[in-house]
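Please look over the model shown here before reading on. The paragraphs below go from the overall fold to the packing inside it.

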Amino acid sequence: KKIPEVFDNLDPEILKMRKRAACCIGFQRTGSTVAWQIGANILKKDIVKSHEASENRLIGSILYTYRDPRDVFISMKRINKEIKIDFINAKLIEIHKKMNHIKEDREVLFLKYEECHNDPEKRVTLLSSFMNQELSKDKIREITDNYTIKKNMQRIKNGNHRTNEIKGTEKTKHVYFESNHIGPNKGEPI
């Protein structure tokens with residue numbers, strides 16, 4: 001599948017890295033951090049994580065997380081009292097439309113928060129299947145146990161959320177390498 005033209009002007013080393021990578025896209029509070037962590041653990045390679053579905057972030061196979069907008073709103077309201085439901089709906093609809101369009105040309109796994117939240121092993125199984133990685137039951141259990149909200153909160157408390165930066169053509173691009181990174185939200189894991 002063709003990599004979007006937006007990559008044509010990138011440094012060859014950055015382009016090489018982006019071709020072998022996958023990405024995880026999902027609006028805040030949709031489970032994107034956990035999916036990203038699990039995906040990085042399964043693949044043992046770079047996975048880009050973003051809350052935006054801009055073309056320069058959509059690389060390789062795409063893990064797309066989404067959630068009922070009402071639940072996103074309630075969850076976000078806990079950290080931002082000023083957030084409006086109309087804003088949440090508009091952003092979620094925008095991202096969902098982009099993902100539906102992109103899936104015509106690319107591999108996209110639509111991972112619904114509500115289907116996996118109470119069955120974390122299902123999330124690991126779906127991700128490993130999508131990534132063509134066969135995992136033993138023990139490995140599925142290990143990954144499931146290591147990537148929970150409780151464990152992420154402990155990582156935040158310990159300050160264990162690092163990123164690596166690489167230089168792009170226009171501005172610094174952030175590519176996340178650490179499988180225990182908590183993302184750009186300064187602390188909230190899901």
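**Fold and packing**

This is a predicted model. Read from the N terminus, its elements follow the order α-β-α-β-β-α-α-β-α-α-α-α-β-β, which amounts to eight helices and six strands.

Contacts can be sorted by how far apart their partners lie in sequence. Taking those between residues at least 6 apart, 70% connect residues at least 24 apart. The protein has 190 residues, and 45% of them are buried. Its accessible surface is about 10,500 Å², with carbon and sulfur atoms accounting for 48% of that area.

Next comes the interior. In soluble globular proteins, nonpolar side chains tend to be buried together. The largest nonpolar core here holds 22 residues, and the members that touch the most others are I38, I42, I47 and L127. At least two residues of this core come from each of β1 (22-26), α2 (32-43), β4 (108-112), α6 (120-130) and α7 (137-146). The biggest contribution is that of α2, at seven residues.

Which residues of helix α3 are buried? In α3, which spans residues 69-77, they are V72, F73, S75 and M76. An α-helix has 3.6 residues a turn, so residues three or four places apart point the same way. The cover over the buried residues of α3 includes α4 (85-102).

Key:
Residues numbered from 1 in each chain as written. Predicted model: local features only at pLDDT ≥ 70, side-chain atom pairs only at ≥ 80, totals over all residues. Heavy atoms only, no water. Buried < 20%, exposed > 50% of the residue type's maximum accessible area, 1.4 Å probe, protein only. Helix = DSSP H or I, 4+ residues; strand = E, 2+ residues; numbered from the N terminus. Contact = heavy atoms within 4.5 Å. Areas by Shrake-Rupley, 256 points an atom, 1.4 Å probe, with all protein chains shown as cover. Core = buried A, V, L, I, M, F, W, Y, C linked by side-chain atoms within 4.5 Å.
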